[in-house]
Amino acid sequence: MDPDETEQREHLRGELLSLQNELERSYVPAVIEPMMSLRLTMQQLKVLTLLVAEPAGSTIRGLSSAMRVSLATMSGIVDRLEAQGMIGRTLDPSDQRVRRVTVTDAGRDTIQRLLAARPELTHFPLDRLALTDLEALTQGIRALVAVMQEDLPG
């Protein structure tokens, strides 16, 4: 890479990060409403998020360690999430003495709704972009997704 290209990349990267911060600040009000409508504590939300990220689920001991809370506290969190239908418990296929905690479709949908509350890629702002800007944005995001998928394991 020549020095001019390196300098231009650094400038554009800095501008993009700054724009991302502005974009995130602009959608905070839209994200708050779905979050406030949840009947979950912050700890329950964190546990649910951990489980969504772990397709095989986890054990209560594993969750307790990850969250740095006691087994008794984690057991209570899991009980309340299970009562709301957000998670389920199943026997571990490799060790029948162990119960695995996994997210249910309802739990996954809850996290998805929170993530989808980001309004920057909804019809409202996208419909207001000039066609050339929309094409450029689509091309850029397509390229970003392609690069990120190259880094995924498997």
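Predicted model: local features only at pLDDT ≥ 70, side-chain atom pairs only at ≥ 80, totals over all residues.

Start with helix H3, residues 42–52, and helix H6, residues 105–116, whose axes come within 10 Å of each other. The crossing angle is roughly 105°. That falls in the 65 to 115 degree range, so H3 is roughly perpendicular to H6. On the H3 side, the contact is made by Leu-45, Leu-48, Thr-49 and Val-52. H6 contributes Gly-107, Arg-108, Thr-110, Ile-111 and Leu-114. By class, the residues of this contact are five nonpolar, three polar and one charged.

Arg-108 also brings us to the salt bridges, as its partner is Asp-105, with the closest N and O atoms 3.9 Å apart. The two residues are three apart in H6, about one turn of the helix. Asp-105 is exposed, at 57% relative accessibility, while Arg-108 is partly exposed, at 36%.

The count for the model is six salt bridges. Another one pairs Arg-9 with Glu-5, at 3.3 Å between the closest N and O atoms. Because these two are four residues apart in helix H1, residues 3–26, about one helical turn separates them. Both ends are partly exposed: Arg-9 has a relative accessible area of 46%, and Glu-5 has 33%.

Now, is the pair Asp-92 and Arg-100 buried or exposed? Both residues are buried. Their salt bridge has its closest N and O atoms 3.3 Å apart.

Technical notes
Residues numbered from 1 in each chain as written. Heavy atoms only, no water. Axes fitted to C-alpha atoms, helices over the stretch in contact; angles between N-to-C directions. Parallel < 35°, antiparallel > 145°, perpendicular 65-115°, else oblique. Contact = heavy atoms within 4.5 Å. Nonpolar A, V, L, I, M, F, W, Y, C, P; charged D, E, K, R; others polar. Salt bridge = Lys/Arg side-chain N within 4 Å of Asp/Glu carboxyl O. Buried < 20%, exposed > 50% of the residue type's maximum accessible area, 1.4 Å probe, protein only.
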